[in-house]
Amino acid sequence: VIWFDWRIEQPAFKNYLQRFAAYYYNRAAEWNRGVVVQYKHEAFPEKVAVLDIERGQLSDIRPLTWQTDTAVAKNSWGYVESRDYKQAGDLIGDLVDIVSKNGILLLNIGPRPDGTIPEGDAQLLREIGKWLAVNGEAIYNTRPWTIYGEGPTQVVGGEFNDTSRQSFTAEDVRFTTNGDTLYATIFGWPEGELTIRALGKNAGHYDGSIGNVELIGSSEPVQWTQDDSGLHMTMPSKKSGEHAFVLKITR
């Protein structure tokens, strides 16, 4: 992976970037290796490299792969003694939202001068890893669905706004797919019945009939019915973990 920061979108760099890309991709073909070039703004034409959005996200699905680069701390990319850390739940929420829109999360941590990882950084990574150990099938090898999700929390597209937006709620849902399996991730434990309107019989998104709904990480069944207004569910008596909860929906 070769990752470019800003400024290379200036006209003076255009010919050099074209020569670089041609050289790099031709060498990759000789090496028989997959390589990636990442850029910001409009430095490369679409389909030539992967668009990167610093400390921000997109508001909808982008057909071409894109990426967010951000840090575990709000106030620094590198190591500082006083770090204003993000919450693990918010980072997991960003990850799910980005993947639902065909994106990738590049998450930065800041080592100390001696190369060791601060405990605050390490703890956030452990929390994300713990969540992925249970729910990773809703992230790895998945693709976007027909819509990214539903719910009241809207992500404003653009750079440098990931520290100011509201946290996702239990009413927010994000979708990913793998083959005929649909994953619906909710960002809080619902009180009472949960309804996903996008899965209503007349919503026009889900092709065919739903055969089963399960909560990943739970051995208890999910009670559910589907009608024109949505998929209605009563969750198991116990939570399957923390931060976000994944419903696995199959035919």
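Which strands does helix α2 lie across? Select residues 88–100 to find out: this helix lies across β4 and β5, and it runs at about 150 degrees to β5. Keep in mind as you click around that this is a predicted model.

**The sheet**

Now show the strands. There are 5 of them, forming an open sheet in the order β1-β2-β3-β4-β5, and the pairing is parallel. For the edges, pick β1 (2–3) and β5 (103–108), each of which pairs on one side only. Stay with β1 for a moment: β1 and β2 pair in the parallel sense over 2 bridges. Color tryptophan 3 and look across to β2, where glutamine 38 is its bridge partner.

**The salt bridges**

Next, turn on the charged side chains. Side chains of opposite charge can pair when their charged atoms come close. How many salt bridges does the structure hold? The count is 12, and here are some to visit.

Start in helix α1 (residues 14–31). Select arginine 27 and glutamate 30, which form a salt bridge whose closest N and O atoms are 2.7 Å apart. Both residues sit in α1, 3 residues apart, or about one turn of the helix.

Then jump to glutamate 46 and arginine 62, another salt bridge, with 3.5 Å between the closest N and O atoms. This pair links distant parts of the chain: glutamate 46 is in the loop between β2 (37–39) and β3 (50–54), while arginine 62 is in the loop between β3 and β4 (66–71), 16 residues apart. Arginine 62 has a relative accessible area of 12%, under 20%, so it counts as buried.

Now select lysine 101 and aspartate 97. Their closest N and O atoms are 3.0 Å apart, and the two form a salt bridge. Hide the surface for this stop: lysine 101 is buried, with a relative accessible area of 1%, and aspartate 97 is buried too, at 0%.

**Last stop**

Finish with a group selection of Asp5, Lys40 and Glu54. What links these residues? They are joined in a network of salt bridges. Display their side chains together to see how the network is laid out.

Technical notes
Residues numbered from 1 in each chain as written. Predicted model: local features only at pLDDT ≥ 70, side-chain atom pairs only at ≥ 80, totals over all residues. Heavy atoms only, no water. Salt bridge = Lys/Arg side-chain N within 4 Å of Asp/Glu carboxyl O. Helix = DSSP H or I, 4+ residues; strand = E, 2+ residues; numbered from the N terminus. Buried < 20%, exposed > 50% of the residue type's maximum accessible area, 1.4 Å probe, protein only. Pairing = 2+ DSSP bridges. Contact = heavy atoms within 4.5 Å. Axes fitted to C-alpha atoms, helices over the stretch in contact; angles between N-to-C directions.
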